[in-house]
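Hello,

Here is the structure I promised to pass on to you. Have a look at it first, and then read on for what turned up in it.

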Amino acid sequence: MIKLSKSDFEKILAHAESELPNEACGLIGGVIEDGVKIIKKVYLLTNIDHSNEHFSLDPKEQLAAVKDMRAQGISPLGNWHSHPESPSRPSEEDKRLAYDSKASYMILSLMNRDEPVLNSFKINGSDAEKEELVIE
Amino acid sequence: MTITAAGNKKEVADGLTVAQLIIDEKVETPEYVTVTINDEFVESGTFESTVLKDGDVVEFLYFMGGGQ
C-alpha cells in the first residue's frame, strides 16, 4: 500500500495540468512503516524532453530532490508522471525504462480532464503490478 | 574510513572504488545508474578508477523516464 495526502495529490494534479500538453513528472519521498509507503513530500521536476509523449527527469533536479529528502530524514520512494492523453497504466516505454524494482511508479492520467486518475505501480521487467493507493 | 552511501553512513575499506561500492550496495541495473560524489556527477565509464575518500557522500540516481 502507498499513501498520498490529498494536498499532495492536488499539487501533482495542478502541476500536470499546468504542463499540458506535455507530460509532467517528479519524485516522491517518504517513509516506509510496516510495509506501507507513506509519501511525505512530492517533488515537481522538469521534464527535460518537453514532450507530450515522453518524459525524462532532470538529473540535477533529481539530485537536489534526493538531497532535500536526506535532509528531511525521508527516502526516495519512486516517481510520478502524467499521461496527458492515455490511461493511468504503464506503457511499454514506461516498463522498459523502469530500472528500480523497489520504486513506486505513479501515473496520473489526464485523458478525461474532468476525472483525472492516479494509480501507482511496481514494475519489474515487463511485469507491472498495481499497488493499493490511498489518497486521504 | 567512513562514507555515506544512499543516505547511510558506513565504514568501508580504504581504496574502495565506485564500481565496488555499487556491487557491495547491491545496486540494481547499475548500467542505468548515475553516481554522484559530494554533488558532483561521476562520469560513466570511470567507476572502476574512481576511488572514494573518507567523508565522501555518494548517491545513486536511477535514470527516470518513460512515455505514454
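Read along its sequence, chain B follows the pattern β-β-α-β-β-β-β, which makes 1 helix and 6 strands. Helices (H or I, at least four residues) and strands (E, at least two) are DSSP runs, numbered from the N terminus. The radius of gyration of chain B is 12 Å, close to the 11 Å that the globule rule gives for 68 residues, so chain B is as compact as a globular protein of that length. That radius is taken over C-alpha atoms, and the globule rule is 2.2 Å times the number of residues to the power 0.38.

Before going further, please note that this is a predicted model, in which local features need pLDDT of at least 70, side-chain atom pairs count only at pLDDT 80 or more, and totals for chains, interfaces and linings use all residues. Residues are numbered from 1 along each chain as its sequence is written, while chains are lettered from A and ligands numbered from 1 in the order in which they are written.

More on chain B: its C-alpha trace spans about 45 × 25 × 20 Å along the principal axes. Of its 68 residues, 22% count as buried. A residue is buried if 20 or more other C-beta atoms lie within 10 Å of its own, exposed if 12 or fewer, and partly exposed in between, with C-beta atoms placed from the backbone. Among contacts in chain B between residues at least 6 apart in sequence, 61% join residues at least 24 apart. Two residues are in contact if their C-beta atoms, placed from the backbone, lie within 7 Å.

Chain B also holds an open sheet of 5 strands in the order 2-1-5-3-4, with mixed pairing. Its edge strands are strand 2 (8-11) and strand 4 (40-41), each pairing on one side only. Two strands pair if DSSP finds at least two bridges between them. Strand 1 (residues 2-5) and strand 5 of chain B run parallel and are joined by 2 bridges; here B:T4 has B:V57 as its bridge partner.

Most residues other than glycine have a negative phi, and most peptide bonds are trans. B:A6, in the loop between strand 1 and strand 2 of chain B, has a positive phi near 50°. With 17 C-beta neighbours inside 10 Å, B:A6 counts as partly exposed. B:T29 lies in the loop between helix 1 (18-24) and strand 3 of chain B, and its phi is positive too, about 35°. B:T29 counts as exposed, with 12 C-beta neighbours inside 10 Å.

Now to chain A, which has 3 helices and 9 strands. From the N terminus on, its elements run β-α-β-β-β-α-β-α-β-β-β-β. A compact globule of 136 residues would have a radius of gyration near 14 Å, and the 14 Å of chain A agrees with this. The C-alpha trace of chain A spans about 35 × 30 × 30 Å along its principal axes, and 38% of its 136 residues count as buried.

Helix 2 (residues 59-72) of chain A has 14 residues and reaches 20 Å from its first C-alpha to its last, close to the 20 Å expected at 1.5 Å a residue (the expected span is 1.5 Å times one less than the number of residues). Which residues of helix 2 of chain A are buried? They are A:Q62, A:A65, A:V66 and A:M69. What covers them includes strand 2 (25-33), strand 3 (36-45) and strand 5 (75-83) of chain A, together with strand 5 (57-62) of chain B. After helix 2 of chain A comes A:G73, with a positive phi near 75°.

Elsewhere in chain A, the peptide bond from A:L20 to A:P21 is cis, with omega near 10°. A:P21 sits in the loop between helix 1 (6-19) and strand 2 of chain A.

Finally, the contact between the chains takes 16 residues from chain B and 24 residues from chain A. On the chain B side, strand 3 (33-37), strand 5 and strand 6 (65-67) are the elements that give two or more residues. Strand 4 (residues 54-56) of chain A and strand 6 of chain B run antiparallel, joined by 3 bridges, and A:S56 stands opposite B:G65.

Best wishes
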